[in-house]
Amino acid sequence: MTRRWPGAILATTALVTALSAHAQTRGAPLRIHVRGSAQIDAVAWTEPDGFVVRGSVVDDARSAVAEAPLAIEGITRSGAPVDLPPAEACDGADRVGEHRASQGGYEIATDERGGFCLRGRAPLADATLRIRFAGGKLYEPVEVKIPIETHAAPLAPVTLRFDPPVDAIDLDRPTVNVTVALRIDRSGALLGGAPFERERLAIVLEDERGAKVAEALTGGDGRSRFELATEGLDGAGQGVLRARFDGNDQLAKASVSQGVVRYAQVTLALPHPVEPARAEDGVPIDVDVRSSRGPVEGGVVEALRAGEPVGAAPVSSGKARVIAAFTAEREGTVPISLRYVPAAPWWIPGAELAIDVPVAGPGVWRQIALGATVLAIAGWVLGGWRRAPKRAVERASDEKPPAPPGRAGVRIMGPLEDATGWRGAVSDAHDGAPIAQAELTIVVPSFEGSGVVARALTDDAGEFAIEAPYRSDAKLVVRAPTHSSYEQALPAPSKLGIALVTRRRAVLDRLVRWARRQGAPFEGPPEPTPGHVRRAASRAQQHEVELWASRIEHAAFGPDPVDERVEQDLGASEPKPGISQLAP
């Protein structure tokens with residue numbers, strides 16, 4: 001029997017990063033195990049001569065978990081064990097695992113549709129069934145407790161499903177349409193000579209908090225149609241939507257759950273006008289970062305001039321203070337664009353905020369002072385040329401760091417007096433944090449050996465100094481423990497600012513580019529995310545794409561570190577064009 005790959009585990013926090021982990025031994029084979037979460041939906045009720053428990057096991061993409069071994073035990077409300085009577089499968093074809101008198105439980109496996117059903121040969125009252133799925137290599141373990149409802153007559157089994165599935169909710173819309181279909185298993189013939197009616201049955205919608213968010217009655221087709229008000233839902237993030245039918249004298253209880261992502265658009269605004277300041281010193285810009293649900297937490301606000309980043313700042317409690325540093329020739333205003341860079345897929349960047357930044361020019365006395373300073377510096381240079389120059393690395397620590405560029409690359413910050421090497425700093429491309437222990441190597445073409453002619457490591461401040469003869473055919477390669485490697489042609493000896501992108505962000509960017517190349521249904525509104533790609537692939541039975549998206553989601557948002565081997569393996573396993581195409 002063919003098994004379906006599970007979805008990735010839904011992270012309770014979008015960006016959970018591991019600060020420490022055991023380093024993987026170089027040369028050892030890489031083994032990545034991504035386990036999906038499983039879910040048990042079940043109901044139980046008494047009958048005149050016994051009881052029935054019926055349910056299903058699905059993963060977080062709502063795919064059936066076939067042949068899942070389940071252990072079922074009886075307990076009281078206080079948790080004390082209850083001896084269960086002998087039981088058999090509901091259809092009588094498959095036998096339930098042998099009754100274990102010492103442990104008082106059953107063992108049963110789900111069918112190819114993920115369902116299970118057994119009937120006990122003696123009634124139970126005031127008891128609860130504890131159903132356990134131990135999990136395995138593909139799934140996390142899960143356990144549920146199902147109370148046994150008391151009824152005087154046999155009940156017809158009921159199943160619910162979201163039709164169509166709801167996997168994304170736009171919080172900026174006042175309502176979202178949700179349809180739940182109710183199906184009655186009519187194999188139990190008729191009750192009192194009349195067929196079971198599935199009209200005017202109450203269906204309740206709940207969120208992951210267990211809070212009731214909507215209620216509607218089924219129509220003649222067995223469907224409940226909800227116009228769900230988004231204001232009653234929790235804020236942006238991952239959650240659960242659960243449909244529940246409480247049953248009646250003829251029909252058994254039923255429920256179904258669906259993992260959802262609630263997303264919201266982020267808008268930027270200025271809480272007050274920007275005060276004039278010298279552009280070279282940096283112009284402070286206070287920014288309010290909000291959504292329809294209030295202040296936004298996390299992410300970065302970037303300032304751009306003519307498309308080039310000139311400043312960035314992290315967002316905390318809906319606030320960011322960006323210092324935009326650039327060169328301005330005269331006093332006046334300079335057009336600047338502000339944009340939001342999200343740290344989680346449920347924050348959708350809105351339109352860039354265009355502002356005019358007032359720039360203060362130097363006054364007359366200041367120009368005189370600047371001229372005198374320039375003359376003094378020139379005199380000092382000419383008069384003290386014999387003095388040993390101050391080390392470039394020491395000078396770099398006194399200078400103001402450049403604004404984060406938002407992408408990996410090397411910027412030439414200026415010439416060096418000593419033109420035999422390179423000096424500078426390595427930092428994160430988005431938050432500007434220094435990257436310690438980054439390795440820089442200069443590599444030249446070679447028929448023998450590695451071709452490495454020089455190597456250096458950054459210190460705790462991210463600064464480095466590397467010496468080597470300049471060659472036009474050489475390459476500069478930069479590697480770091482938690483950031484993607486970067487290489488380019490070696491620039492002429494100079495002062496460099498090197499920016500690297502974290503591997504988590506890099507693997508997420510890879511999936512976004514892939515989904516946009518594929519188009520619908522993988523691109524998806526408003527922006528492709530690992531969860532959206534995984535669910536679309538599951539519905540289309542594109543198992544290779546589903547597994548790859550699950551691994552991307554685990555790497556980008558999971559607790560395990562992403563090293564170079566993991567990043568390379570995810571790149572090598574990217575689905576090839578044609579594999580992801582939907583079957584006609």
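Reader: What relative accessibility does the model give for Trp-514?
Author: This is a predicted model, in which local features need pLDDT of at least 70 and side-chain atom pairs count only at pLDDT 80 or more, while totals for chains, interfaces and linings use all residues. Residues are numbered from 1 along each chain as its sequence is written, and side-chain values use heavy atoms, with hydrogens and water left out. Buried stands here for under 20% relative accessible area, exposed for over 50% and partly exposed for what lies in between, with a 1.4 Å probe and protein chains only. Trp-514 therefore counts as buried, its relative accessibility being 0%.

Reader: How many aromatic pairs does a search of the whole structure find?
Author: Rings of Phe, Tyr and Trp (for Trp the six-membered ring) pair if their centres lie within 6.5 Å, and the planes class a pair as stacked under 30 degrees, edge-to-face over 60 and tilted for the rest. By that criterion, the number of aromatic pairs found in the whole structure is three.

Reader: Which class describes the aromatic pair of Phe-133 and Tyr-139?
Author: Both Phe-133 and Tyr-139 are buried. Their ring centres are 6.2 Å apart and their planes stand at 55°, so the pair is tilted.

Reader: Which residues form one aromatic cluster?
Author: Trp-514 and Phe-522 make an edge-to-face pair, with 5.4 Å from centre to centre and 65° between the planes. Phe-522 counts as buried at 2% relative accessibility. The one aromatic cluster is formed by Trp-514, Phe-522 and Trp-548.

Reader: What N to O distance does the salt bridge between Arg-503 and Glu-567 have?
Author: A salt bridge puts a side-chain nitrogen of Lys or Arg within 4 Å of a carboxyl oxygen of Asp or Glu. Both Arg-503 and Glu-567 are buried. The N to O distance of their salt bridge is 3.1 Å. Arg-503 lies in H3 and Glu-567 in H6, so this contact at 3.1 Å ties together parts separated in sequence by 64 residues, the distance asked for being 3.1 Å.

Reader: How many residues lie between the parts of the chain linked by Arg-517 and Glu-574, counted as their separation?
Author: The side chains of Arg-517 and Glu-574 meet in a salt bridge of 2.8 Å, N to O. Arg-517 is exposed at 52% relative accessible area, whereas Glu-574 is buried at 14%. With Arg-517 in H3 and Glu-574 in the segment after H6, the pair links distant parts of the chain whose separation in residues is 57.

Reader: Which residue's side chain does a polar contact of 3.4 Å join to that of Asp-167?
Author: Asp-167 lies in the loop between strand E10 (158-162) and strand E11 (168-170), and with a relative accessible area of 11% it is buried. A polar contact is a pair of N or O atoms within 3.5 Å; within protein, one must be able to donate a hydrogen and the other to accept it, and residues adjacent in sequence count only if both atoms are side-chain atoms. The partner of Asp-167 at 3.4 Å is Arg-535.

Methods:
Helix = DSSP H or I, 4+ residues; strand = E, 2+ residues; numbered from the N terminus.
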